[in-house]
Structure formats: structure tokens, C-alpha cells
Amino acid sequence: MSASSAFNDEKGGSSSVGEPEYGHDPASGGIFSSDYKRHDDLKEMLDSNKDSLKLEAMKRIVAMIARGKNASDLFPAVVKNVACKNIEVKKLVYVYLVRYAEEQQDLALLSISTFQRGLKDPNQLIRASALRVLSSIRVTIIVPIMMLAIKEAASDMSPYVRKTAAHAIPKLYSLDPEQKDQLIEVIEKLLADKTTLVAGSVVMAFEEVCPERIDLIHKNYRKLCNLLIDVEEWGQVVIINMLTRYARTQFLNPNINESLLEESGEKAFYGSDDEEGKEEKADAAALAKRKPYVMDPDHRLLLRNTKPLLQSRNAAVVMAVAQLYFHLAPKAEVGVIAKALVRLMRSHSEVQYVVLQNVATMTIKRRGMFEPYLKSFYIRSTDPTQIKVLKLEVLTNLANETNISTILREFQTYIKSMDKDFVAATIQAIGRCATNIGEVRDTCLNGLVQLLSNRDELVVAESVVVIKKLLQMQPEQHSDIIKHMAKLTDNIQVPMARASILWLIGEYCEHVPKIAPDVLRKMAKTFTNEEDIVKLQIINLAAKLYLTNSKQTKLLTQYVLNLAKYDQNYDIRDRARFIRQLIVPTDKSGALSKYAKKLFLALKPAPVLESPFKDRDHFQLGSLSHLLNTKAGGYQELPDWPESAPDPSVRNVEVPEWTKCTSREKRKDKKVEKPFYSDSEGESGPTESADSESDSGSASESGSESGSGSEESGSESGSEESEEDSESEEEERDEEEEKKKRKKRPERSGSESESEEEEESESESSESESESEEESESETDSKKTKKSKKEKKEISLLDLDDFETTPIEVTPVNNFLSNSLVTDLEGLSLTDTVMNPTTIAPSGAVKTYELLHRITGEGLAVEYCFSRQPFGPDPHMVAVQIQFTNNTSSETKNLHMEEPKLLSGMRIKEFPEIEVLPPGESATVVMGIDFCDSTQAANFQLCTHTKKFFVSIQPPVGELMMPVFLTENEFKKEQGKLMGMNEITEKLTLGEKCQSDHAIVQRVTSAANVSRVPCGSDKECRFAGKTVTSGSLVLVTVVTKEERAAQLTVNCEKMVIGTMLVKDILQALTQ
Amino acid sequence: MIHSLFLVNASGDIFLEKHWKSVVSRSVCDYFFEAQERATEPENVPPVIPTPHHYLINVLRHRIYFVAVIQSEVPPLFVIEFLHRVVDTFQDYFGVCTEAAIKDNVVVVYELLEEMLDNGFPLATESNILKELIKPPTILRTVVNTITGSTNVGEQLPTGQLSVVPWRRTGVKYTNNEAYFDVVEEIDAIIDKSGSTITAEIQGVIDACVKLTGMPDLTLSFMNPRLLDDVSFHPCVRFKRWEAERILSFIPPDGNFRLLSYHVSSQNLVAIPVYVKHNITFREGSSQGRFELTLGPKQTMGKAVESVLVTSQLPRGVLNTNLTPSQGTYTFDPVTKLLSWDVGKINPQKLPSLKGSMCLQAGASKPDENPTINIQFKIQQMAISGLKVNRLDMYGEKYKPFKGIKYMTKAGKFQVRT
């Protein structure tokens, strides 16, 4: 800080004082006078008052930097323009400054004060850019200033500045690694950030500074998973790679049970160690005792949230997801990545190169995955050689009994190619296919022998090498091939091939007893001109022949050994000396010479032709280290799966935002964190509709996946839900907090679609809840409503609490029936004042919303629901049923409401004051609100004898109406009046569980308070209702078509209501 | 992540360097030159070259090598993808991405690189944001700038970066609101000697040019979305909606962008729109070879096959050719042995053919391989897969945009083996 304050004083005058001295520093001018002069005029331009001249000068300087010319002597002249008004000049000065600050540390300090001022600027973008440049200046003396600036920026209001802070962290770390501890604190803070803008950058900082601190991730794991899809693409790559590593430390191997059932005799993927591990685990961990593997929901969450990113346009993102699936997914699910990887092969050749390398590794372990795409790996003559070779590798890995004939036919075409390196690779590939697949060995061998007569020497040489390897497997049957090859020694010049032939002849000399000595004779003649490897093999051949056929070859061998004795290469001299001692019996020869025959003519195991990509997968796929097959600097090892899963509760978050993770809640979390879709500014109604639908898609997606998922089927989530009451206190609280949060959201964003959607998910859960818990009761209830006409007394006998706590699912027919009953009953005026609408069972799937959480309400919990009953005192009001629960240990008195804050036209009918609410008890009241046919919230205060709480109620559009009874003809007539602008039609595809008539009726009636209109056609469902306040008709028609297509039409005079209703019903039907 | 970037031209000169962290000496490129020497063809330079202290990751585009220097582990595709994005941006800005264009606009290039990476990590790669920050140079603007002394750097701050739709710049205004979509499909195929298809697949893209005022929200639906086997989207497309309804719903970036690329799998039968009759023979002993090639349309649904170009890499033994085309022009480069025949449009009544003889090296044995024939063509107003756009709707803005959709089929990597 001291340094900066010193320069602060100077900031005004520094330029004028500093300039003449530095300007005429002769040392900086360079040797060439012309250079010196040119810089001189640049300095003049920089000193001028005209921005255009300065700009011109800066442009020339930047051009110099770009070309790699040294412009450091201009530093003083440039740096004083750092505060220039002209933006472009300023930016170019920044460029210059960042480039040369390291070399001119003292002078660079002159600029610091400008940036410090920038850090305080009210404009977030200026703050960010100041921090960016400040942190890019690599001057150690300003480390404390940078640290301070980063800390401050990390708690800046603007996410953009926080992002810049995250970027600055690795810069500071590389400048001064001793700041690590402090920086980790900042990282920890930024990791908790909930904006997508920051997420990618901070994980990048985490990876650079403290990748080993995996514990920092626990609390943010679920958030990162949920944010992932909205993070910018580069951030996605970094996050996915990090999460792969994280998951490897926290979850169990999903393939643990299958590890021994690996395909085609390949070594089991997760070796036997894992098997042991399993046993140990069985002893150690009580939770997984010999049970079938159950995937951690968080593990599933990661897999599910990364899957859509396979569709990214960015190859790096696709690759990141692919490696994540390869390393983490159960075997059955890995297949999804194949298609995406094959797609990447269409991209630039560099991308192809990297992708093919990874595919090659994958095909070794998971061959089946790519088999359907075999043809995508066929080679074109225009491919670069390195791509061809990789494709060949993949094809070879994919070869099996069924497709080998097609592959070999392809290979035949390749052998004719003009690209000889590629032909050589093909021959090797054929060799590998032949060793791997016994059936085709003879065919391959014959093919390769034919190649021996090829005109191209390289081809022949490669064939010889491969044939040698193949022959080693079954030499007996192929002495004619060996003979043929022996003849080749006259023509072939490629050393490797010659060496191979010589070795073969030596090894199998008993198969060619006549030819072998002759070959040795020829070789002895040319010995001195041969390459080293050939010489070694000649010595070998000589030795072997000497042992088997010493009569004919003794002299030749001596001759060869003598030649070798004086060879230039010490290896050859050594070998000759060694062999001579071994085979030629002399007086001094040791014990070893007795065993010479055994030594030389031992049976040698056939070589295994292996893919160079074998075992490469111990490197994280997609990484640089994997590509190079060596560990690159900064590579983080991919840990092995743990033997028993670490405590999953570390990922639970206490703060209200991130509740305990039951599968149901996860779905909601996902929705809640939708920064892109939810608060896009300036969107009007229809846009939102699009958004909400895209969200509904997410719900449906998770729904469909839950089928395959281990523990996420609807019924299970329901049962979990019902158990929750009995579970620990804390969990319950979390649950409530969750609800509260959901409640809050619509208020904040003011978007109706959002609230609707949440209501939807809520209804889903409450439905399942009621199913599992209260089945019997719901049955009795439905009977009751049916019977109610006759036995009206029963109605008043219904226990209120029962219905409050357990919203009951009634079939839609009943819904409509009960509604009609209510109207009928009302008409009969049998109801007295006590008999307010709530006393009739709330029909349909009623969703409750939280009005006041018990924490904020200091023990008083308030929930409300739309009971869908006409509000007795005023038919233009919507009845809202409110339930108070007193969770405190003392009585709550005088519960009433005050000071409604309403938009014009809206009215509230207050509920009667509750005088005393004893501890632990609940009470239910009904109030009426006239929403004026709008979805604006009604705000008011809830008062007890001690406290006041501000609360608000916001109705979904479907609750703003009530059922009307029309005949088919009436319906058609009314519909005829509401054409044109008042009609909204949408095509849709019905959700999987929503194809029957019955289901459609149920979904529609639960989304909106309308009643069914009888209809002649069984392909059509019609519903009618009217808005509560103005009584405008709302007509809904759903026409089903073939497959799951359907068409939804809403006719309503109030277009806003109509549009919103369409959206809601659409959502209900498509799920 | 990315330390430095060097731009190397075809003759091996480093003509631009940019460093995001400490300066890395340009001598590091020597390792690259070494690798370049080892590789026989320019495209055979390995994309990743390890050196003792750094790793060099390079891409080759427009005969310029973009060599990125990195120091530690980073996904190679991350760097490669980024470098390609850089090239795309240059192309977007200067029309072409050549050494001359980069040298002429070196300041803009530098400003762009400065914005695209911060400390080696990508910062702003969306062209809409970059264009807000740095205006692309046009002739008019250059003239105006020289007269008025104003600059290329945008005066306003890059608010787009803060937006929730980061790919769209704010405050877009047009007098004519238009949205054009081009459905372009490419056929990749390998046809064997006898004319049967070994493999064929269709790769399609939808490129859009959207010039709409404000913040329009578009939905695009297809008549037959099931055709699309594998798709990848521009980040603006709402994925969930596609999953649920097979509808593309998006707030588009301003200007040109690639909305979607898709793949129609080889499992579906792919119609091959042209056929080739060929007879290429070399006779043992004689120094002559015969060359005959006839093209014809098939399965084109009545549309004309245009801009046909046939290229073939003849064997090294061929010294020269003596051919007569029935239409179009042909050239043969005796050095690279590349034969190219610009056919133009195929007239179904009078099929184009190229016939004649080839001179072989005297005394040399006959080449043992036959050349592959690469074909390029275009068919307008047709998407070979049969994909059809159903409708395009706009929400969120009141005006009526002008909408247009165009279909085209092209040959991708279309090879005929002989």
C-alpha cells in the first residue's frame, strides 16, 4: 500500500516531470540510429495533445510488438498516456503496459494509481477492466495491492467484476505462490457464488491454485451440476473435468458388479483389485452390505446434467462430457457418447486427430459402443496420413469375427494407396487382426505373402516383419513361406525386413535345412555393408546354424565372427566375442557352452501384437497427458474409485437455498437456478411461455429418466416424501425452507409462468403423497362427495384437519361432480354462515402454498390453497383457504389481517379473527380475494397479538375462473362468438402418461378450475369456465390426433388470461 | 492456460506473436519447424508437439499455422477449438483470413486477441460481443476514421457481456427486419469400383442470417424432425424444448451464425445424386494409359446438378495427359499430378465425359493403384435428406419480419474408388 500512496501523490505531475529525462536516455535508443530516430518521432507523437497522433503512434508501437520487435525504450512515453481519455489509445496503452511491465517494474508503478482509481469507479465494467489490467502487470511489488483488490472485487455486487476477480486469482498465484492460503479463501468464497458468469472462472482458478482441495467442492457440488448447462462453454469444459475427478473420489464404481463380465477375453476393466475392494467394503461399510449397487443420487445428478452438453457445438465440451461418461457412467449408459464423438469427426482435422486418439483408447475397453459406427471410420484418400493411421487403429480395435471380412475388404483397398506410410500401417493392422481373430489368420497370411511380390520395397519390408510375427505362432505349417522369404534376401534392402528374414531362417533352420547355409553364405559376403541390426542377425543366424549344422557352416561362422570382431560398432564386437565363447568349444570355455543349444534354440513365445493405445486410459481421457501418453506438467491424476463411499452428507447444504437432496427436490433446484431462462429482461408474455415450456421439458426429461434411474421413480419419491414427517426435524425444516423459497421466487421475478410451473411440480408431489399415504381416505372421500346429495349432514361432519394436511386426489369426474354439487347446494341455500365453502372437501388435486414459513413466522406457519369453492359472501371473489399452525409452545392470540396493499380494483374479504390458537394446534379460515382477473399478487399483513408479517398471495391463472355448465350446442355457439383474436391454438405432443381421455381431463381440470362439457366425439374434450370477476367465458378444447399429437384451443375474451391458460394447460398436458 | 500465440506463414516466418503471460521466446517455435520438416505434407504436422518446457498446439487454416504455447495440462481440444474460434473471428472481421489481411489489421487483431483471452483463459469469444467492443474495419469506416480521427474501438461498454443472453448484442435496430435460414446438406460418401455405396451419410447445417430489431424470440419447427439423428446447437437454442417438442426455440444472435448442425445416419438410405462411369487402365509395358470418365445424374428429384468439379490424384508414374472434355475445362498439373475437371452443370440429355490417354514414364512399371475420384457438386432447392422446415414464428416483438428459407445439397467428402 505504501508504494501506491507514494505514487498517488505523484500522479498529476509525473508525466511532465518524468518525460524529458527518460525521453533522451541514449541507452534505450538502440544501436541503429535510424531506429533511434524513428522512436524519437513516436515519442513526439505520444507527447502531443492530439489524440489522433497518439493513436497513430500507439498503433505503430503495437504493430512493433506484434512483429516481436523490442519497443521497451518507449515505456515512459507510453505509460503516461494510461489515463488518456480516448478509449482506443487507453486500450493500446494497456496492451503495451502488460507486455513490458515485467521488464520495467519501476516505471510500471507509475500507472498503478490510475487502476486503483478505476477499481472504485461506479461502472462495473470499468472496475472489471481496471482489475484485469492491474492483475496482469507482473510486478511483485504490487502483490499486496492486487490481493486487496481481488478480495474487494470478490465481494463486488456485479457478477462481472467477481468473474474478473476469479480470473485474477491464478495471475496473482503465479506471481507469488506464497499467497496461496489467502487466495484459497477467496476461491472458497467465489465458489459459493450462484451466478453462471462466475462459476466457470472460479473453477478454473481452483484448478490452477488448489486442485487438491476437493473438500471445497462438497458444498457447491450440486449447485455446479445444476448451473452447468448455463455456464459459458469454456467454463463448462473446466467444470466437467474437475467434477470427473471429484466424482471418482466420492462415489462408488457403478460397474463394480459387472467388472468380471467384461467382453471378449480382454482383461477385466476394473481388475481384480476392485473385487477385493468390494469384499473389504462389504465388511467395512454397513450401508452397502452385499447389496446390489445403488447409485448415489448426486452421481446420477452429474450424469443427467452433463448429458445434454453432448449436443454442444464446442468440440471441447463434447469431449469433456464423453470422458466423464467413460470414466463415471455405468457400462450400459456409456454408449450415448459414441454418436457425439463420431459427429466430431466431421470437424477440422486437428479435432479429428484428438478425438480419434481418444476413440482408439475407448474402443479397446468398450468395443461394442462404436461398432455401429464402423463405417464412419473408413478412410478416404484425402485424409492426412496421421488421421488415416488413427482410423486404422480404431478399425483394428473394432474388428471381430462378424465384421472382419468387411474390414479386410476395406484394408485391401488401402493397400493399393499411394501413401506408403499408410500402406505400412495397414499391413501392421492386418497382422494384428490376424493374431486377434484366429479364423482369418490363414487368409491374412496368404494376403501378406502375396504382398511380398509387391514392387514397393517398403510394402514388402513391412509384410516381412508382420509375417515373421505371424509365423512365430505356427511355424510348422509354413516352411514354404519361409523358403519364399529366403529368396527375398537378394532383393530387399530395408534393414528391418532383412533382419526379420534372417531371424526367421535362423529360428526355423530345421524347416529349411538346405537353404539356410546358403543364405548365410550370401550374407557373409555382404556382411561389411550391412546395417547394424542386420549384422546382429547374421551373427545370430551363424550361431544357430553352427549349433545345428556345424559341418556345413563352421567355416562360414568363423569368418562372420572374425569380421564382426573388427566391426566399428561395439555392440556387434561384443556380440561376436560373446557368441564365440559360447559356441566354439575351446579349452577355456566355461560351463555355459554346454547349454549353448538351449540358449539359442529355446522355444520363444509368440509375440503379442498390442495396440499402442492399450492401458492409456489410466490417464484421464481428453487430457493432454493422454494424448502424449506421458504425464504433462500440472496433470491431476484421476483417482481410483474408493472402496467404500465417503459420507454423502458432506454435500448437503444447510443454507435455505440448497436443501437436502431428495430426488424430487433436485428437480426443483434445477428449475430454481435458471438464470438465463428465468430473468431475461424485457420479454413479454409469449416469450415467457416459451421459456416455461422449455423448463417443463426439463421436468419431463428428468421424469423419463427417472424410470431408468435407480431410485427416482415417482412412487418412490412419494414414499420418501411421506416418510419425511417421521424423519429428523432438520430435514423437515429443510423441506419447508424449500417451499418457502419456491414461494418467494414468483414474487421476486413477477413471472406468472414460473409460479405455475412450480405449482405443477408441487401438485405432482402432493398427488403421489396422497396416493401412498391416504389412499383409503381418498376413497371414502370420493364416495362421500357422490353421496353428498342425499346425506348432506355428512358434509358438516367432515374433519377439517384431515383435509388440510392431506390434499386428496379425486378423479376429475368427481371433481366436476362435486363442483356442480356445490353450486347446487348453494342454490338450495342450505348453507348457513358456518357452512362456508371450505367445509366441503377441497376437490381435485389441491396444491398448498406457503404463506409464512415457521421460521420467519417465529413458530407460526401459514399455508394457503385455492379451494375452488365459490366464495359465499361475494361471488366475484376467489376463495383462498388459509391454514395456521402454531408450532410455538405458547398460545398465539388475535390472528387477523391488516392493511391490504392492493392494485386498483382488487378487493379482499378478510377472514374472521382467530382469537386463540393453542400451541401445536392448527386452524383453518377462508378469505375471499377479488383479483380482478389478473395474476397480480395481493399483499397484506398478518397480525398476531405481538407481531406483524408481510405476506402476499399470487394466484395461478387457472384459479381465476370457476366452472360453468354448458351443453354441447351452447358451447359451440359461444365458441363461434369468440373467434379470431380471442382464439388461441397450439399444437402439442401429449406427455407419455397423458394419453387417455381420462388423463387429459384430469390434467386440464387440475390446471384450471373449469368443468367438462359433454361432447359427441371421443377425440375431443371440452371444458368451460368463466372468470370469477368479470364472468368472461373461458372455453377449452383439446383435440387428440394420431400418435400423441394433439391440439389445444382456448377461446376467451380476455386475451391475457387466454394466453396464460394455454401455456399452463400445455405444460400440464405435455408432461 | 494458453501462454502465447505465434502465427507462422507457409514459408515458415513468424509474422505475429502475442503473449498473455510472461513472454515466451519465439525460439520455442524451432520445435515446431522441426516437426514441420519431418512431416511430408503440411497437414501432417502433429497438432500437439511436446518440447522440454512447453507444449505446442497448432492448427492449420488458410495456409497459416496458429501455434499456441501452453505450459501445463489442458485439454488439447480446448486449445484447438479456441484457435479455430480465433480464425473464425478473423474471417468474420476481415472477410478473409490471410497473412496480408492480418498484417494490414494488426492493431485490430491485437485488440481482438486481448479481449478473447484473459491470462490465457477464454473471456469473450462470441462474435456479437466482440463486435460491440471492437468494430470490424470496413472501407467506409477506415475513410471516416482517417478524416475524423475516430476509432474502431466501441465507445460504449460491452454490456452484452453482462446480459443473460450473452450471444446477442443489445439495442439492435433495423429498418428491414429479415430472417433467412439456409439448410445446407453435404453428402459424404465412398463409392466402390462397381458403383455400389460403401458408406454414405448426410451432414447438414442450418446457417442463419437474422437481422431483427430488439429481442425477438424465434421458434422454428420441422415437418419431419425425426430425420435428425444427432444434432448440435448454437448455445442460444433451448435444449429442453427441443427434447420435449422437437422445436427449435431461441433468441438469435445478431447477424450470421450457425444455428444447428445435424447428422442423418448412414442407417437411413441415402440417395446418391450422381453416378460415375469410369475406365482407367494402365497397360503393362506400354507407356500409355486410357482414361475415360462419364458423369450422370440420378435421384435428383428433377433438380439440376450444378458446379460439378472432378478432381483426382493420378499416380506418380503419369507424366502427362491428353484428354478431351465434352464440356467444361480440365487441367493437369504434371508436378503434383492433380487432375481437375471443371464440369459445370450436368445436362441429363448430353452427359459430360472426359476421354483420352495418359502418358506414362517410359520404362517404369505400371502403377499398381488406380486413382480415387473426388467429386464436388451442388443442387439448389433441395435437401437430400428430405428435411423440411414447417414454420418460423416470432414472439416478443411486434413487427412482422421477412422470413426466407433456402435449401441446398452439396457434396462433402464424396469419393469414387476406381
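This is a predicted model: local features need pLDDT of at least 70, side-chain atom pairs count only at pLDDT 80 or more; totals for chains, interfaces and linings use all residues.
I started with the area between the chains: chain B and chain A bury about 9,500 Å² between them, 56% of it on carbon and sulfur atoms. (Buried area here is the accessible area, with a 1.4 Å probe, that two parts lose on being put together, summed over both.) On the chain B side, B:Glu73, B:Leu77 and B:Lys240 lose the most area to chain A, together 8% of what that side buries.

Residues are numbered from 1 along each chain as its sequence is written, chains are lettered from A in the order in which they are written, and side-chain values use heavy atoms, leaving out hydrogens and water.

Next I looked up contacts (heavy atoms within 4.5 Å): 108 residues of chain B touch 106 residues of chain A.

How many salt bridges cross the interface of chain B and chain A? I got eleven, counting a side-chain nitrogen of Lys or Arg within 4 Å of a carboxyl oxygen of Asp or Glu. I checked the pair A:Arg313 and B:Glu126, whose side chains meet in a salt bridge at 2.9 Å, N to O. Helix α2 of chain B, residues 76–94, gives the most to the side touching chain A, with eight residues. (Helices are DSSP runs of H or I, at least four residues; strands are runs of E, at least two.)

Last, I traced an open sheet of four strands in chain B, ordered β14-β15-β20-β17 with antiparallel pairing. (Strands pair if DSSP finds at least two bridges between them.) Its edge strands are β14 (274–282) and β17 (318–325). Nine bridges join β14(B) to β15(B), residues 288–297, and B:Val276 has B:Leu295 as its bridge partner in β15(B).
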